[in-house]
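Try each task before you read its solution.

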Amino acid sequence: MAAYIIRRLWQMIPTLAGVILLIFFLFTYFGGDPALVLAGKISNPEQIENIRKQLGVDRSYAYQLWVFVQQVFTFDFGRSWSTNEEVSKIILTRVGPTLTIMIPVLVIETILAIVLAIGVAYVRGTLTDRTIMIICTVAMSISFLVYIIVFQWLFGFILGWFPVQGWSESFWKNLFTYAPLPIMLAVFVGLAPQLRLYRSFFLEEINQDYVRTARAKGVPENVIMRKHVLRNAMIPILTNIGIYIPGLFVGSFLLEVFFSIPGLGREVVTAVNRSDFPVIKAITVYLAMITMLVNLAVDVMYKFVDPRVQLK
Amino acid sequence: MRQMSAMRILVAIGVAALLVTTSIAATAQQKVLRTQFRTAETGFDPQQRDDRYSVGIMENIFEPMLTYDYLARPVRLVPLTATEVPKPDENGTRYTFKLRPGILFADDAAFNGNKRELVASDIEYSIKRFRDPVNRSPYEWLFENKLVGLDELTAQAKKSGKFDYAAKIEGIRVVDKYTISFKLKEPDYNFLYVLALPNVVPVAREVIEKYGSNSNAHPVGTGPYLLKEWTPRFKIVLERNPNFRGFTLNEQFADPKDEWDQRAIADLRGKKLPLLDRIEIYPIEEEQPRFLAFMNGDHDVMLETPFAFINQVLPNGKLSDSLAKKGVRAFKEAQPEITYDAFNVDPMKSPTIGGYEPDKVALRRAMVLAYDNEQEVRIARKGQALAAQSMVPPGVVGYDPLFRVEANQHDPVRAKALLDMFGYVDKDGDGYREKPDGSLLTLNYKYNARNDENRQLAELFVKGMNEVGLRVTSLPVQFSDLLRDRKVGKYEIGQSAWIADYPDAQNFLQLLYGPHTDQSNDARFRLPAFDRLYEKSLTIPDSPERNALYREMNRLIAAYAPWRMGVHRVFNHLMYPWVKGFKKHPILYTNYMYLDLDVAARDKAQGSR
C-alpha cells in the first residue's frame, strides 16, 4: 500500500503542473489588467504603469509563472491586491468558520441520507417510497437562494428561533447559536439529491443475486441490509462523499454571505468582485491540491470497505 | 486579634463586592452602538484607501485640518485641528494653516510609551505620502500638478525607487512646529475642500515605518476613536481614544426650523463629545440580512435602507405603522451624487456612437430623449430618487435648482424625429433602425451585474431604446470589469455613478474635461469649448460668475450628449429611538462622534440581550 500511495503522490506532480499552467493562463489572458481596477477613481496612464510595476505584472510571462510556481510550493501567495492582507492569513482565518458549518452538514447529511435511502430502498415501490421521491423532486427543483431567504425570514425573524445572522469568537457559541440555521438549510437542500442517489445505489445491491441467495438461506433481513447491502453500496457512496469533501473548504458562499459567516466562500466572492487575483489563485490551487489528496484517501478507503479491492 | 482578622476579612469582602458591583454597573452603562455597512471595507491607511466605507471608519480615527460643521446646510467648512479656516493668499495659490497645540495621537507601541503631539511636519509627511509611488494612492490626483515641487519629487522617486521625504519643497513649507504653508502652481479655490477630505489627514511617520505593509491594519490618528478590533470584512470595533481632547456641539449654523437640528441640539447641548464608548460595525452586503438585523434590533442604526424593502419601511412615503410604534425614525437624504450612462464619444474606440458629427450627436441625443427617467424613479428606485437635470447634484456648490433643458426630458416622439432626420431609419422592415448607410445598428450597454437594481435599469434602458426602434444588447459584467472597460474605452454605453469627494460642482464637471480622458473622463469627451470654460472656472472663487460658467458647461453637455443623466438617489437612514443626536452629513459618511445612546431605553425595549 505504501508503494501505491507514493506512486499516487508522485503522479500528482504533473497534475499540479497542469493546474498551475491552466490557472496562470486563465488569469493572464482573461483576467485583464488588474492595475486598471486598483487605480482608483481618477488615475493617469503613468500611475497605472506604476501599479503594474509594483504588482509585478509588467515582467515577462516566464518570470511571472516562475513566481507563481514558487508561491505554490512555499504556500506564500503574497498579499491581497485589494486589502494588502497576507493571503495565507486570509485563508487560515477563514477556513475555521467554513468548516464549522460544512463538517456538521456533511456528517448529518450523509447519515440521514444513508439511513433514509436504505429505508426507502427497502420499501421500494410502496406509497412511502413514492411520496418521499416526489418530495425530493419538488425540494430539488427550488433554488437554494429561495430556501435561504424564506428560512431566514421565517425561522430567524418571524419565529425568532435562531439569530438572523452573526458570528462570534467562541467556537461553541458559533456551533450552537449561529450555525444551526445555516446547517439546517444546507442539510435540507442537500438531502434530497443525496437521498435519491443513495437509494439507487442500495436498489442496485438489493437486486443482486447474493442478496437473493442470502434470503434463501434464511439470513435475517437486518443482517442482509447491514452486512451485505450497506457494505457493498458504500463504495459508490464513498466516491460521492469524496467528490463532496473539497467543496467543504470553500463552503457555501450563499450561506456565508446571507448569514454573515466570515468564511472562505465569502472571501472568494469578495475576491472575484474586486479582481483580487492572489486570493483567487491561492484558493484555486489549494482546492486542486485538496481534491487530489481526497481522491487518494478515498481510493485507500475502498480497500478497507471492500477487501476484494486491489490497490495497484 | 482574631476579631481584628475577621473584621479585616469582612471589610475586604465588602470592598471586593463594591468593586464588582461598580464594575458591573460600569459595564451595564457602556454605550455600545451596533450598526452596519452595506459594503465591506478594505483597510485604514488614509493615503492608500479611497472606498467610502473604509473612509467612513477613518473619519473617526483621523482628523483633517478642516472639516464640515455637523449641522450647517449647505455644508460649511470649519477648523478641526487648525485654529481657523485660512483665507487664500496670492490669488488663490497660497494657503497657510496654524495647528492647535497639544493635540495628541492615540497611544501606540510605535511611540515607545511617550505621548505624541501632532505637529506641522506630520501634515507635510502625510501629503507627500499621496505622491510616493510605493503607496499607489488612489487619491494621488488630489496633489498631482498641484503643489510647487511635489511632481518633481515624485518623478525623482520613480527614478531612484525611493521617495525623499526629507527634501524641502516650496509647495509644502513647514514654517514652525505648528504652522504649514502650501504654495499651489495654479489658483485653486477648492483647495480647502481637498484639505477637509477624511483621507487628507496626518499619520505619524513612526507608525507607518513600524507597521510597513501592514499600515492598513494599524490606523493611529488624533481622532475621537481608535481601532480596537478588526476582522476584515466582518467586524470593525472602535473604542474611545483616551487621548482625545473632546468637543461640544456647535449650534451656530443650526436651522431653527429643522426638526433634526433641534432634536440634536436638545440631545447634545453642553455635553462633552464623543459620548459613545464603543461602536461595532458589521459589513453586510446582502440586503435581506442587513434589513433583518436592524428590524430584529441587532443593530441600532441602518444607513441606506435597501430599496428592495422601501415599500415595507415607507409605504406611500410615510414610515410604516409598525416601525412608528417602535419609535423608529427615518432620515431622508438626497445624496450629492449622480448616476448616469456614459456614451463612449471617442470615434476610434466607439465608431457607432462616438464623434462630434451631427449624425453621431443626434443618435446620442435621441437616446437621451428616448429614456424615461421618471419611470426609473417610479419603478426601479421606488420613488427614492430625483431625476437629474444637470451633472451637478443638490447640496453641492454650483447646483442650480432651476436648470432644465428640453434635451434632457423624456420625449420619444422627438427622439424618433431626430433619428429619422439623420437617416437612422428602418430600411429592412424588421422593426429596428439601421445606420444611415443601411448597415446593422446594434448598440451595447454594459452594466454592473452585481445586483437586481442594475439589471432593472438595464432593462429600462433597452425598453426605452426599443420603443424608438434602436436595438440594444445589454451586457452584465463584474463591477471591476466595468470599471476597467470604462477606463480604457472598451465599451459603447456604460452604467456609472459619481459621488462627491467635496461639495463643489467642479468635482463633477471634471468628469468631462478633455485632458482627463484616460483618468476620470470615461466618456472620452473632448470639446474645446467645454474645456475652456472648465479651465476658466478653476481660477474663480465661488460667485455668480462661476455659476454662470457651470450653467454654460451643463448646456454644452445637453447639446453634445456625452452622458445620459440618471438620477440623484435618495437614501433613508433608520434608527431606533434610543439613538440620539442623529443627522446625516452629505459628505461625511459616519457621525458616531455626535451620537448618544439611551442604553436604559434600549434595554427596556429589548429586554436583557
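Axes are lines fitted to C-alpha atoms, and the angle between two of them runs from 0 to 180 degrees between N-to-C directions. The model is predicted.

**Exercise 1. Describe how α5(A) and α14(A) pack.**

Step 1. Recall the two quantities. Two packed helices are described by the angle between their axes and the distance between the axes.

Step 2. Read them off. Helix α5 of chain A covers residues 87-122, and helix α14 of chain A covers residues 277-305. Their angle is about 60°, and their axes lie 10 Å apart.

Step 3. Classify the angle. That angle makes α5(A) oblique to α14(A).

Step 4. Name the residues. From α5(A) come Val87(A), Ile90(A) and Ile91(A). They meet Pro278(A), Val279(A), Ala282(A), Ile283(A) and Tyr286(A) of α14(A). By class, this contact has eight nonpolar residues, no polar ones and no charged ones.

**Exercise 2. Describe the side of chain B that touches chain A.**

Step 1. Count. Here 40 residues of chain B contact 38 residues of chain A.

Step 2. Find the elements. Those giving two or more residues to this side of chain B are α8 (287-295) and α15 (479-488) of chain B. The largest share, seven residues, comes from α15(B).

Step 3. Sort by class. This side of chain B has 16 nonpolar, eleven polar and 13 charged residues.

**Exercise 3. Judge the confidence in chain A.**

Step 1. Take the average. Chain A has a mean pLDDT of 89, and 99% of its residues score at least 70.

Step 2. Among the elements of chain A, helix α2 (residues 34-38) has the lowest mean pLDDT, 79. Helix α8 (residues 171-178) of chain A has the highest, 95.

Conventions: Residues numbered from 1 in each chain as written. Chains lettered and ligands numbered in written order. Predicted model: local features only at pLDDT ≥ 70, side-chain atom pairs only at ≥ 80, totals over all residues. Helix = DSSP H or I, 4+ residues; strand = E, 2+ residues; numbered from the N terminus. Parallel < 35°, antiparallel > 145°, perpendicular 65-115°, else oblique. Contact = placed C-beta atoms within 7 Å. Nonpolar A, V, L, I, M, F, W, Y, C, P; charged D, E, K, R; others polar. pLDDT = per-residue confidence, 0-100.
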